[in-house]
Structure formats: C-alpha cells, structure tokens
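User: Hi, I have a structure open and want to get to know it. Can we go through it together?
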Amino acid sequence: MIPAAFDYLRAHSPDEAFAELQKHGSDARVLAGGQSMIPAMRFRLARPAVLVDINDIRDLDFIRMGDGTLSIGAIARDSAVERASWIGERRWSLLHDVSRVVADPVVRQSGTVVGSLCHNDPAGDWTATALAARAQVVVRGKAGTRTVPIDAFLVDSFTTAVSEGEIALEARFPVPDDRTAGSYQKVERKVGDFATAAAAVQVSLNADGTVRAAGVALSAAGPCAVRVDEAERVLVGQKPGADLIRAAADAAAKKSAPQADLRGSVAYKKNLAGVLVARGLRQAFGRLGVTI
Amino acid sequence: MKVKVTVNGIVYARDVQPRTLLAYFLREDCGLTGTHVGCDTSSCGCCVVVMDGGRAVKSCTMFAVQADGHEILTVEGLASGAALHPLQQGFWDQHGLQCGYCTPGMMLASYALLKQNPKPSEADIREGLAGNLCRCTGYQNIVKAVQQAADKMREPVSAGR
C-alpha cells in the first residue's frame, strides 16, 4: 500500500516548521516519528498534501528536568524516555512502565511522546499516562506559544487543541514528590497491538499515609483517553486499602465506554478497565511500601 | 525529489517521489533486496534497517526522503568482505534461521540492540526483538545466535564493526 502523493518539506528549526505550517494550513501535517501517521497514510485514512518533517530539528530533540518540570521535546523518541537516567526512580514509575509497553522496541526508536499525544488515538498509551500525571503540552500558534493542560488538549478521537497551522513543541510533566509512585497496566493480544484496555495511575501519599493526590486514567475506553475523576475523588484523603481500591476500580469500570470489537465485548472491556485500575493501584501503593 | 542516501557506506543519488517508502527505495532503486517486506504494516520487523549507526527503523514505515543525507545500514553491509559479522556467524552457528525471511530484520534489530546494550540477558534479547516476528524457529535459536554475537563482539579484538 502506497500513500497518496504529497509534497515533502524538511524543517531545520522550529521557526521554519511553524512558517511552513502557517503557509499550508489544513493541507499540511507535521511528520515526527511517523509511526501512526505513515500507516494511516498507507491505508489512505490520512491524505495530507504537505508533510513538514521535523526530525532534523535538533532543538526539539531533548528531555530536560528543571524547575519542577520534566520537558520532552517534539522529536524525543519513546526509547529515549525508556533509557533516561532517572527512569528507575520510584516517582517516575508510571513513565517507566508505559515507556516499556508502547508499540514494540523498534517502533519506540522512532515514535515520539509528543506525536502520540497529538495523534490522540483512542487506544494511545501516552494520552492516558499524560492524564494521570497531569501533563501539559506547549503549542505554538499565531498568537505565540501557549501551554495547554492535557485535559483541554485531548479533544476527541484523533483531535487535539492543536489547530491548523500550529505545532506542538513539547510535553511537560510535573516532577512528582518522592512519596509518589505510579503504574501502567495494559492488556494487549500481542506485542504492538492496540490495547484491549489500559489504565494509568499515579498516587502521592501524605506523611500520615493517606493519599494526597491521585491520577487515574483509562485508554481504549471511549473516543479518547479519559480521566476517571470519580476514582481520584474517592482516593484522595483516604488510607490505601482493599475497599478503597475496589471503589476506585468500580468507578473506572463505570466510566469506561468502550466499543465491542475483536478484542472483546463492551461488558468484558468495562470489567477489564476496573481490574487494571485495581492492579495499578495495588502496584503503585506497593511501590510506596504499602502492601494491600 | 532528488535524494542522496548513504547505504552501507555507498552514496546512492536517486530521484524519488516523496511517497516512496524506504524499504522500496532500498530494494528497487538501490537494488538491495536483502531488506525484506513482510507485513508491510509496521508489525513484523522483516524490513528493519539501522539509521545513522544506531537507530533501528522499520523501513516500510519511513519515507526514503527522510533518509536524505543520512546513513542506512542494511544486511548487505554487515559483513566485511568474506568475513561474516558476528551476528551473521551467530545465526549460522546456532541455526537461527529456517526460511530466512525474517533474518535480515532480526539481525539489524539485534545490531541496534547490542549497540545500546552490549551485554544483554536472555530476557533483554527477547524483549528487544519483540517487534520482529519469526514463524519458523520458535525464537530459541535466534536468541542463542544473538547471545553468541554479543559474546563475540565483547572480545577485546572484535571481528565485527
């Protein structure tokens, strides 16, 4: 399968990429890792007239830690996150887990975090992770650069707050405190398949052992990744325990709105969403030394 | 569009459509048919090549124009003259192939893996090759082949690259 014809432009700086995107408007798409875009083009699900390749913009190839923020540039590969020096720290356990299960190890050497967020696939891994971690995305538009909270960034399936002529430059994750742990749980039929269901969780504890903050999100559970606000509400202020986990899991199963397909029925997938949130919470609390 | 891609140390200057995929560029424009196309949908890993010395890429999911000005290593570039690369020798010695269709992709994905991790455990190899499918071997001998290559490449005087 060969994609429809297009014009190829290679940008060497963020300014150049932005100028080309402004010039070509809705005809143009950004080409970063290409691991979702190129298959979509091959299936003719996407037919951009112009591709603006940003892979040679060295300024966008960064993973930086500073001012309480982890910044991941638009062409930083999934594999760079997987191999980051800090990825083994407990506070980053959600990112640790997800960085090992996105697609497959070869695809992760091209695929990017920011590209995955911009693609906003209903079964994306980074989208649910960004929700649980309360990330933000830096977007450059005509009026300048703005920082968009992930909840506002993810609009609908394959649709984000990045409009025509705009470009997402980086993803920002707040650095969690050291009493934080997370977990990413995903069920897939085989390596590289879309998730049947997936859950991202991140919890922070107070000194007295109660939950200070919680992030719970699902993927493959509706038009795009979704925050389970009810589970977060249930968790905050409480001491970790089996009943608490069950309540959060029930909220997740209730929130999940999947479609039936070859991977399972609606009832199965809703149940699975709850099971994965429970597993994730148990693992995250376990990583904080709380065995349930 | 005119492109210059260095493949296995040789510059190939060609005129291609932007939509030409790297796998087809290598096979049809450069005549290097060692790179195989399996699933053609980024799932099987038969088409894996190495870009700029260390990044394994599925060449069915990259455009040739993206490789303009870059270096590509394919299976044809592994051996030095008559001397097989340790990965090739490993696959030979350990019977790491039967039909051979997945083998170039297996070797190039392993090449990138060993660059990142010169001393992989068995689990590291199995995880590292999770994006490469083999329908013949059951993987046991592929893992042994990569282990042999890793051992060989860590020897003080390596025969490999």
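Predicted model: local features only at pLDDT ≥ 70, side-chain atom pairs only at ≥ 80, totals over all residues.
User: Which residues are buried in helix H1 (residues 22-29) of chain B?
Analyst: B:Leu22, B:Ala23, B:Tyr24, B:Phe25 and B:Leu26 are buried there. Buried means that 20 or more other C-beta atoms, placed from the backbone, lie within 10 Å of the residue's own; 12 or fewer is exposed, and in between is partly exposed. Helices (H or I, at least four residues) and strands (E, at least two) are DSSP runs, numbered from the N terminus.
User: How many helices and strands does chain B have?
Analyst: Five helices and five strands. From the N terminus, the order is β-β-α-β-β-β-α-α-α-α.
User: Why is chain B called as compact as a globular protein of that length?
Analyst: Its radius of gyration is 15 Å, close to the 15 Å that the globule rule gives for 161 residues, so chain B is as compact as a globular protein of that length. The radius is taken over C-alpha atoms, and the rule is 2.2 Å times the number of residues to the power 0.38. The C-alpha trace spans about 45 × 35 × 25 Å along its principal axes. Of the 161 residues, 48% count as buried.
User: What are the domains of chain B?
Analyst: Domain 1 is 2-77 and domain 2 is 86-154. Such bounds come from an automatic or database domain assignment. The C-alpha centres of these two domains of chain B lie 21 Å apart. Their contact takes 16 residues from domain 1 and 13 residues from domain 2. Two residues are in contact if their C-beta atoms, placed from the backbone, lie within 7 Å.
User: Which element gives the largest share on the domain 1 side?
Analyst: E3(B), with three residues. That side divides into nine nonpolar, six polar and one charged. Here Ala, Val, Leu, Ile, Met, Phe, Trp, Tyr, Cys and Pro count as nonpolar, Asp, Glu, Lys and Arg as charged, and the others, Gly among them, as polar.
User: New topic. How many residues of chain B and chain A does the contact between them take?
Analyst: It takes 24 residues from chain B and 21 residues from chain A. E4, helix H3 (103-116) and helix H4 (122-128) of chain B each give two or more residues to the chain B side. The largest share, four residues, comes from E4(B). By class, the chain B side has ten nonpolar, nine polar and five charged residues.
User: And which residues touch the most other members of the largest nonpolar core?
Analyst: Of its 151 residues, they are A:Ile54, A:Leu218, A:Ala248, A:Ala252, A:Val277 and B:Leu108. A nonpolar core is a set of buried Ala, Val, Leu, Ile, Met, Phe, Trp, Tyr and Cys residues joined through C-beta atoms within 7 Å.
User: What does A:Val277 touch?
Analyst: Leaving out residues up to four places away in sequence, A:Val277 touches A:Ala199, A:Val201, A:Val216, A:Ala231, A:Ala248, A:Ala249 and A:Ala252.

Note on methods:
Residues numbered from 1 in each chain as written. Chains lettered and ligands numbered in written order.
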